[in-house]
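User: I'm new to this structure and would like to learn how to read its features. Could you walk me through a few?

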Amino acid sequence: MFTLVPVTNDSQLRELADIACGIWHECFPGIITEEQIDYMVERFQSYDAMCRQIESEGYRYFFICDGEEIAGYTGFRPEPEEGRMFLSKLYLRADQRGKGLASAAIDALCAICREEGLERIRLTVNINNHQAINVYKHKGFVIAFDQKADIGNGFFMDDHVMELAVN
């Protein structure tokens, strides 16, 4: 049974950072280099990075669970001035993909948007992450534009920016 479980304390956030590191190292080889994976995990998915995102950027994190098992995680930032949610993270462990959990998570995020009066979800996805792109397209996301962002240390994020209108 699918549930989103809010990450509300320090030990949960530390567990989330460990899960994020593992997922990134199973998901992104072949899409970006190991060096970039390590850099991006430290910069965006580490315990310290997520603490900063929660405290100063308004992020919220949730475990994606299948029954009692943590299958992955999601993180977002409401952007009410733009009428949208920025979906920063939606990741599942490799052994949990293909079970409908990403779809259920997107449905739950749409419900949060409706509750908070947000009209759409925006996300970025690496242009070579075809599996994720296909999941998002299946859920109704469309590519709004492409962007290449310099994230430092000689690395770039080459992404589609995708959006979903929340009905």
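This is a predicted model: local features need pLDDT of at least 70, side-chain atom pairs count only at pLDDT 80 or more; totals for chains, interfaces and linings use all residues.

User: How many aromatic pairs does the structure hold?

Analyst: A pair of aromatic rings is described by the distance of the centres and the angle of the planes. Rings of Phe, Tyr and Trp (its six-membered ring) pair if their centres lie within 6.5 Å; planes under 30 degrees apart are stacked, over 60 edge-to-face, and the rest tilted. The structure holds eight such pairs. Trp 24 and Phe 28 make a tilted one, 4.3 Å centre to centre with 40° between the planes.

User: Are Trp 24 and Phe 28 buried or exposed?

Analyst: Buried means under 20% relative accessible area, exposed over 50%, and partly exposed in between (1.4 Å probe, protein chains only). Both Trp 24 and Phe 28 are buried.

User: Which strands does β7 pair with?

Analyst: Strands (E, at least two residues) are DSSP runs numbered from the N terminus, and two strands pair if DSSP finds at least two bridges between them. Strand β5 (residues 120-126) is joined to β7 by seven bridges, running antiparallel. Nine bridges join β6 (residues 142-152) to β7, again antiparallel. In β6, Asp 150 stands opposite Phe 156 of β7.

Conventions:
Residues are numbered from 1 along each chain as its sequence is written. Side-chain values use heavy atoms; hydrogens and water are left out. Helices (H or I, at least four residues) and strands (E, at least two) are DSSP runs, numbered from the N terminus.
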